[in-house]
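Reader: I'm new to this one. Could you walk me through a few of its features?

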Amino acid sequence: MLWPGLKKLGKELNLTLTSSEVVGVIKNCFIKMYDGNSIKVLEIYPPQIDEDDKNFIADTLVKNKVKNYTYHFNSLIINFNEVLKPYSITKIKNLLLTFTDYFAAKHGGEVLCQECKESKEPALYIVNKVAVYWCQNCLNKEKHNYEIAQREQAEIPNNYLAGFGGALLFALPGILISVIFFVFLNSIVALAAVVYTFLATKGYKQFKGKKTLLGEAIIIGVSLVMIGVGTLVAYSVFILRIIETFDITLLLSVLALAEVQQELLSNLAMTYLVSSFFIILQIIFMLKDYRVKFKIEKL
Ligand SMILES: [Zn+2]
């Protein structure tokens with residue numbers, strides 16, 4: 001994600017703006033910046049980081065009251081926490097330039113591939129929506145690994161039935177939430193779709209259901225059925241509380257009454273209507289996820 005502050009800084013520093021990140025090279029470092037949830041992130045990939053460099057980084061960050069940073073494969077990732085207001089772009093810029101000046105003076109002028117730290121011929125690419133500064137060799141390796149992972153995934157047994165059972169089993173406790181909301185809080189179960197989808201996904205995974213489009217469809221199908229079952233059970237509990245006796249025959253005869261059925265149907269319709277927003281969103285995400293093939297774009 002990218003907010004106007006980092007976009008402006010990116011333009012000022014002549015970096016490239018992708019849909020979600022500011023990326024590019026300053027001196028001998030590959031740079032990446034983006035906005036997160038109440039946070040701005042700055043990633044710096046110098047040719048190398050030794051113990052001396054780590055001391056310098058720690059000192060500089062302490063002086064600037066920045067506590068949240070990590071090292072990841074010889075790169076520095078700094079998180080600027082934002083409480084109520086955006087973090088100062090000028091402070092980020094000053095820190096960034098301090099570090100790029102330091103690394104240029106310390107490790108020479110060459111920019112190395114972000115991945116292998118060896119090749120001197122990296123270029124900016126977008127690999128599966130993420131900007132990278134890689135050499136051709138590293139790109140090929142990534143593509144090869146992806147193909148192996150795809151092949152392994154294809155060899156996993158289908159397990160759809162087990163996944164379906166797991167989804168159903170895990171979604172059952174969701175009925176309790178339907179009942180609590182409907183009977184005790186007198187409210188339509190707006191949360192139902194979220195709860196059932198969450199539980200069904202857990203169950204499907206637990207029973208090793210295969211991760212495919214059909215698998216996702218099974219999860220959504222189970223959630224849809226359980227939303228209905230939950231509402232039906234919740235409504236029955238509601239009636240049982242009114243007739244004040246646990247008499248299933250009486251309950252069934254009440255449920256058979258035309259006006260009760262009418263009310264039940266309108267409750268069901270309402271629950272599905274409220275849930276549909278989330279379910280549709282879920283389907284859009286699911287289709288989007290599966291449409292992504294391995295994709296390399298040159299920037
Ligand atoms: Zn490389």
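Reader: Which strand does E7 pair with over five bridges, in the antiparallel sense?
Author: Two ground rules come before that: this is a predicted model, where local features need pLDDT of at least 70, side-chain atom pairs count only at pLDDT 80 or more, and totals for chains, interfaces and linings use all residues. Residues are numbered from 1 along each chain as its sequence is written. Strands (E, at least two residues) and helices (H or I, at least four) are DSSP runs numbered from the N terminus, and two strands pair if DSSP finds at least two bridges between them. Strand E7, residues 123–127, has five bridges in the antiparallel sense, and the partner is E8.

Reader: And which residue in E8 stands opposite Tyr125?
Author: Let's stay with the E7 and E8 pairing, which is antiparallel. Opposite Tyr125 you'll find Val132.

Reader: What is the order of the strands in that open sheet?
Author: Three strands form the sheet, with antiparallel pairing. Strand E8 (130–134) and strand E9 (296–298) each pair on one side only, making them the edge strands. From one strand to the next, the twist averages 35°. The order, then, is E8-E7-E9.

Reader: Are H6 and H7 roughly parallel or roughly antiparallel?
Author: Axes here are lines fitted to C-alpha atoms, for helices over the stretch in contact, and angles run from 0 to 180 degrees between N-to-C directions. The axes of H6 (residues 174–184) and H7 (residues 192–206) come within 9 Å and cross at roughly 165°. Because angles over 145 degrees count as roughly antiparallel (under 35 is roughly parallel, 65 to 115 roughly perpendicular, the rest oblique), H6 to H7 is roughly antiparallel.

Reader: Which residues in H7 does H6 meet?
Author: Contact means that C-beta atoms, placed from the backbone, lie within 7 Å. On the H6 side, the residues are Gly174, Ile177 and Ser178. On the H7 side, they are Ala192, Val195, Tyr196 and Leu199.

Reader: Is Ser38 buried, exposed or partly exposed?
Author: Ser38 is found in the loop between strand E3 (29–36) and strand E4 (39–45). A residue is buried if 20 or more other C-beta atoms, placed from the backbone, lie within 10 Å of its own, exposed if 12 or fewer, and partly exposed in between. Ser38 has 13 such neighbours, so the label is partly exposed.

Reader: What is phi of Asn159 near?
Author: Most residues other than glycine have a negative phi. Asn159, in the loop between helix H4 (136–155) and helix H5 (160–171), has a positive phi, near 55°.

Key. Two residues are in contact if their C-beta atoms, placed from the backbone, lie within 7 Å.
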